[in-house]
Amino acid sequence: MVNDIIADVEDRMKKSISALQKEFAAIRTGRANPSMFDGIKVSVYGTDMPLNQVATISCPEPKLVVIQPWDKGNLAEVEKAILKSDLSLNPSNDGNLIRIQIPDLTEERRKEYVKHAKQRAEECRVAVRNIRRDGNDMIKEMEKEKEISEDEAKGGLNRIQKITDKYIDETQKLTDNKEKEILNI
């Protein structure tokens, strides 16, 4: 039973790290990357759809993104969605596809992105700690109800702490790497 709790805790922590990686992929670094557009929704066919479900996104050059909608009638909506996004990009529509030149980031903008990445990392650490607390509470409840021994409870709590430390370290490594990528170190 303790092993089930520990497996659940580790699974939930992995999902938190995975969510952080997706968040980091969407943060601009000055280079073209299709994942920058993951959070953009386009109003087509009476519903909001993710951009990557209505168009092909490619990066033929390091500073150029080409977006080609599958239905040319959606070109204006795709352009509008990119302009409304917080990416601060200026799309160029030629009637068939959209080209976006990725400008170099200013020092100020780089610092904003680093700050944003650190906020997301802190949210991930809080989520990991909350998952640890939930797991610890379940084990303590089982010990209180005499479903497991004191030694089993202590061992379970120690294993959860080791898993927590592992994922907190992973969060820090991801954050450090993203910061280097943003600042071009």
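View 1. R99 is partly exposed, with a relative accessible area of 38% (buried means under 20%, exposed over 50% and partly exposed in between, with a 1.4 Å probe and protein chains only). This is a predicted model, in which local features need pLDDT of at least 70 and side-chain atom pairs count only at pLDDT 80 or more, while totals for chains, interfaces and linings use all residues. Residues are numbered from 1 along each chain as its sequence is written, and side-chain values use heavy atoms, with hydrogens and water left out. R99 forms a salt bridge with D94, whose closest approach between N and O atoms is 2.9 Å (a salt bridge is a side-chain nitrogen of Lys or Arg within 4 Å of a carboxyl oxygen of Asp or Glu). D94 is likewise partly exposed, at 43% relative accessibility, and by this rule the count comes to 14 salt bridges.

**View 2. E77 and K80 in helix α2.** Both residues belong to helix α2 (residues 75-84), where E77 and K80 lie 3 residues apart, about one turn of the helix (helices are DSSP runs of H or I with at least four residues, numbered from the N terminus). The closest N and O atoms of the salt bridge between E77 and K80 are 3.3 Å apart. E77 is partly exposed at 26% relative accessible area, and K80 is partly exposed at 41%.

**View 3. K178 and E181 in helix α4.** The side chains of K178 and E181 meet in a salt bridge of 3.6 Å, N to O, and the two residues, 3 apart in helix α4, are separated by about one helical turn. K178 counts as buried at 6% relative accessibility, whereas E181 is partly exposed at 30%. Elsewhere, salt bridges that share partners join D8, R12, R133 and D134 into one network.

**View 4. Helix α3 and the residues after it.** Helix α3 (residues 107-144) has 38 residues and reaches 55 Å from its first C-alpha to its last, close to the 56 Å expected at 1.5 Å a residue (the expected span is 1.5 Å times one less than the number of residues). E145 is found in the loop between α3 and α4 (150-183), and E145 counts as partly exposed at 45% relative accessibility. Just after α3, K146 takes a positive phi of about 65°.
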